[in-house]
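Me: I am still learning to read protein models, and I would like a close look at one part of this one. Could you take me through the open sheet and then the charged pairs in the chain, slowly and with the values?

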Amino acid sequence: MTAKHHGYALLAAIAAFVVGVSAAIYVSVASRDGAGSGSRSAGNTVAVGPGPGNAAPVSTGVWVGAWAAAPAGGEPGTDTDGMAGRTVRNVVHTGVGGTSARITLSNLYGSGPLSVTHATLAVAAAADDSAAADPATLRRLTFGGSTTVVVPAGGQAVSDAVAVAVPHDADILVSTYSPTSAGPVTYHPRARQTSYVAAGESTEDVTGATFTSTSLYWRYLTALDVLSNEADGTVVAFGDSITDGVTSTAGENRRWPDVLAGRLRTALTTGGSADGDIPRYGVVNAGISGNRVLVDDPLRGASGLHRFDRDVLDRTNVKAVVIDLGINDILRDPNPAGPQAIVAGLRTLVDRAHARGVRVVGATLTPFRGHRGYTDARERVRQSVNAAIRAGDLFDEVVDFDKALRDPYDPRSLRSEYDSGDHLHPSDRGYRTMARTLDLSELTGPAAPARL
């Protein structure tokens, strides 16, 4: 062999070595959720790596939650056909951005295996609530290297990582096609966001023209994670309809967790916060309308006690949780749970979070005088729960949503400007006030109860 050929061989060997090291670095980064993070359930399909045709650059950063929704139940009317032969295009909004992305699909409430043969992710073409995608960002998603994944009934699947620039504060389109029915569709109602459905396989349609039906639900999709340099952890907002933001303006992302995500971004980029040390966190929403601490409901999700691990502790790289739950334990039971039972349930959640090194901020329960479920007896329970929360030996920190929203002249009621009109759920202005009430520095620190 000539010296020239020896030189080519040496260069080829060096190039192969560099590519191999780069791929190893990418896979190592892509699979890292961070110390103390939530872990994926053992039954999940977990696959990390680049999909076909999507080059995987050497990336740095941390996997964090950019968006999430808690599965609430099986969608009514889908028991037989599910979404067979249709493409679902979920529209979700990011709290943080990143250079790679992965999704989680859930078949928690399905009665049979969910077969997804095509799935894509893209950045929306414009912030106009349409189904159109930016063609340059369209990526085919894979699961363990395959474009098809079968999610067992009661299970979930995590896609491979795909290289794509995901902006923060942006709409992302996640499209899935299922040729057969898995029974009831696992969904999140009251999304306050328009999503889309097309007949047939349309996952790569960037115009959105085939998506002729709209939906007010999120179907199958429960998480969007990004490999991010903007954040190094995730905070989960865990609650009921007030956290779900059911009375916020649809399509405008004005739920209090959305506003909190914006506050964190602004404080870090401008230094314009007096809160001290500002954590670099993404915010994800685990609210379910009608949810309770103690009682399961087929239409309003598993109880807080039963879903806390799945919807909080198993989220990606979770560092903190804000718990605003308990008002429905008071409102929805003809014989409402007493304050001791509710507080004991909340304490159980705190203990579980602390066992995983997760910091817990607890919220006081907001007023509801004037709501159809109000009684003086229920108000006394609310006041007792809030007294236990404010006592300081339950949560690591307390955010006093009650004090922030109540009418100073009638503390049993919401202030009129913070009332959506039903005397229970806040207006956009009320949600904004809730997010601004939280001291950002209280989201970070040791996960141990503050005993006063």
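Reply: What follows looks at the sheet, then at its surroundings, and ends with the salt bridges.

Please keep in mind that this is a predicted model. The sheet is open and has five strands, which follow one another in the order E19-E18-E20-E21-E22 with parallel pairing. Its edges are formed by strand E19, residues 281-287, and strand E22, residues 397-399, each of which pairs on one side only. If you compare neighbouring strands of this sheet, you will find them turned against each other by 25 degrees on average, with direction ignored.

For the setting, the protein chain as a whole has nine helices and 24 strands, and 57% of its 452 residues count as buried. Among contacts in the chain with a separation of 6 or more, 82% are between residues 24 or more positions apart.

Turning to the charged side chains, the count comes to 22 salt bridges, and one of them is formed by arginine 382 and aspartate 402, with 3.2 Å from N to O. Arginine 382 lies in helix H7 (residues 376-390) and aspartate 402 in helix H8 (residues 401-405), so this pair ties together parts that are 20 residues apart in sequence. Arginine 382 is buried, with a relative accessible area of 0%, and aspartate 402 also counts as buried, at 1% relative accessibility. Both residues belong to one network, in which salt bridges with shared partners join Glu379, Arg382, Arg390, Asp400, Asp402 and Arg406.

In one, arginine 310 meets aspartate 311, with the closest N and O atoms 2.8 Å apart; arginine 310 is partly exposed, with a relative accessible area of 24%, whereas aspartate 311 is buried, with a value of 1%. In the other, arginine 300 meets aspartate 297, where the closest N and O atoms are 3.1 Å apart; here arginine 300 is partly exposed at 25% relative accessible area, while aspartate 297 is buried at 14%.

Key. Residues are numbered from 1 along each chain as its sequence is written. This is a predicted model: local features need pLDDT of at least 70, side-chain atom pairs count only at pLDDT 80 or more; totals for chains, interfaces and linings use all residues. Side-chain values use heavy atoms; hydrogens and water are left out. Two strands pair if DSSP finds at least two bridges between them. Helices (H or I, at least four residues) and strands (E, at least two) are DSSP runs, numbered from the N terminus. Axes are lines fitted to C-alpha atoms, for helices over the stretch in contact, and angles run from 0 to 180 degrees between N-to-C directions. Buried means under 20% relative accessible area, exposed over 50%, partly exposed in between (1.4 Å probe, protein chains only). Contact means heavy atoms within 4.5 Å. A salt bridge is a side-chain nitrogen of Lys or Arg within 4 Å of a carboxyl oxygen of Asp or Glu.
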